[in-house]
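I went through the structure by topic and wrote down what I looked up.

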Amino acid sequence: MRIDVVTIFPGYLAPLREALLGRAIEAGLVEVAVHDLRDWTHDVHQAVDDAPYGGGPGMVMKPQVWGEALDAVLAADERPARLVVPTPAGRPFRQSTAQAWAGEQRLVFACGRYEGIDQRVVDEAAARMPVDEVSIGDYVLVGGEVAVLVMVEAVARLLPGVLGNPVSAEQDSFSDGLLEGPAYTRPLTWRGLSVPEVLRSGHHGAIARWRRDRALERTADRRPDLLAALPADALDAADRAF
Ligand SMILES: N#Cc1c(-c2ccc3ccn(Cc4ccncc4)c3c2)n[nH]c1N
């Protein structure tokens, strides 16, 4: 997969080259290119924004600059791309979104700032490629860069070879529609608190059942909406007994 990010703050995306994802890039499991939107300005001030039509607070990002930038970035690789535009007004970004995007050959992320990007940039792009306007949560950020860090990590960890243990991605929170339950490691007792006996029993069936019960319990307590959204056949009799 190739990932391109267009932003006026390229330095914000430096964390993509750290740790697990950085190693994946070095291993050639994923390609990441970050582009400075101002490279496609032509005025001395490198202007990327202007006042909003209809008035209102703040500034809007100019369509001309974005259009030239996306044309150039898209032309740099022949692979078909999905354009992703983070926005507080976007559809929710979920694990299912990350799983769907993990199958893409190429993702191009457009990081807005100010009050956002002129809508015509999205509309014009949508005539020639898939475009997703997405939000990472119900709170307001200052720009799209942090959201891109979140989404790139969520997608990249699903790519073959990126995670040391692919099983862990299958047992993620949300992968089965539930939150994952609590995890424990050594020491056996820490500040008077001990690891649940069942986890030391060696009884794999009992351990699986205990973990499922804790996941159901945590999901019911913290995210009842996820429980309500589960397909009818997602809970077996033992689950329902919980
Ligand atoms: N994903 C995501 C987001 C954003 C977000 C994303 C891109 C941009 C570009 C500009 N802004 C600032 C802004 C724009 C409009 N209204 C208010 C603030 C952004 C915010 N905020 N909250 C989220 N969950």
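Is E145 buried or exposed? I looked this up first. E145 counts as buried because its relative accessibility is 0%; buried means under 20% relative accessible area, exposed over 50%, and partly exposed in between, with a 1.4 Å probe and protein chains only.

Before going on, I noted the ground rules. The model is predicted, so local features need pLDDT of at least 70 and side-chain atom pairs count only at pLDDT 80 or more, while totals for chains, interfaces and linings use all residues. Residues are numbered from 1 along each chain as its sequence is written, and side-chain values use heavy atoms, with hydrogens and water left out.

**Entry: E145**

I placed E145 in helix α5, residues 145-156. Helices (H or I, at least four residues) and strands (E, at least two) are DSSP runs numbered from the N terminus. I then listed the contacts of E145, a contact being heavy atoms within 4.5 Å. With neighbours within four places in sequence set aside, E145 touches T7, I8, F9, Y12, L13, C111, G112 and R113.

**Entry: the chain as a whole**

I counted 9 helices and 9 strands in the protein chain. The C-alpha trace spans about 70 × 40 × 40 Å along its principal axes. Of the 242 residues in the chain, 40% are buried. I also checked the contacts with a separation of 6 or more: residues 24 or more positions apart account for 73% of them. The accessible surface of the chain is about 13900 Å², and carbon and sulfur atoms hold 54% of that surface. Accessible areas come from the Shrake-Rupley method with a 1.4 Å probe; for residues, only the protein chains shown count as cover.

**Entry: the ligand**

How many residues surround the ligand? I found 18, and the closest are P86, S135, G137, Y139 and L141; a residue is near a molecule or strand if one of its heavy atoms lies within 4 Å of it. By class, the shell has 10 nonpolar, 6 polar and 2 charged residues. Here Ala, Val, Leu, Ile, Met, Phe, Trp, Tyr, Cys and Pro count as nonpolar, Asp, Glu, Lys and Arg as charged, and the others, Gly among them, as polar.

Strands β5 (82-92) and β7 (131-135) each supply at least two residues, and β5 gives the most, with 3 residues.

Next I took the polar contacts, which are pairs of N or O atoms within 3.5 Å; within protein, one atom must be able to donate a hydrogen and the other to accept it, and residues adjacent in sequence count only if both atoms are side-chain atoms. A polar side-chain atom of S135 sits 3.0 Å from a nitrogen atom of the ligand. G137 brings a backbone N or O atom to 2.9 Å from a ligand nitrogen. L141 likewise has a backbone N or O atom 2.9 Å from a nitrogen atom of the ligand. The ligand has 510 Å² of accessible area on its own, and the protein covers 88% of that.

**Entry: aromatic pairs**

My rule: rings of Phe, Tyr and Trp (its six-membered ring) pair if their centres lie within 6.5 Å; planes under 30 degrees apart count as stacked, over 60 as edge-to-face and the rest as tilted. The count by this rule is 3 aromatic pairs. W101 and F109 are edge-to-face, because their ring centres are 6.3 Å apart and their planes stand at 70 degrees. W101 is buried at 3% relative accessible area, and F109 is buried at 0%.

Y184 and W210 make a tilted pair, 6.4 Å centre to centre with 55 degrees between the planes. Y184 lies in the loop between α6 (166-170) and β8 (189-190) and W210 in helix α7 (residues 204-222), so this pair ties together parts that are 26 residues apart in sequence. Y184 is partly exposed at 42% relative accessible area, whereas W210 is buried at 17%. I also noted a cluster of F93, W101 and F109, linked by ring pairs.

**Entry: backbone exceptions**

Most residues other than glycine have a negative phi, and most peptide bonds are trans. The peptide bond from R186 to P187 is cis, with omega near 10 degrees. P187 is in the loop between α6 and β8.

Where is Q46 found? I located Q46 in the loop between β2 (31-36) and β3 (49-50). Q46 is not a glycine, yet has a positive phi of about 50 degrees. Q46 is partly exposed, at 36% relative accessible area.

R191 also is not a glycine and has a positive phi of about 50 degrees. I found R191 in the loop between β8 and β9 (193-194), exposed at 72% relative accessible area.
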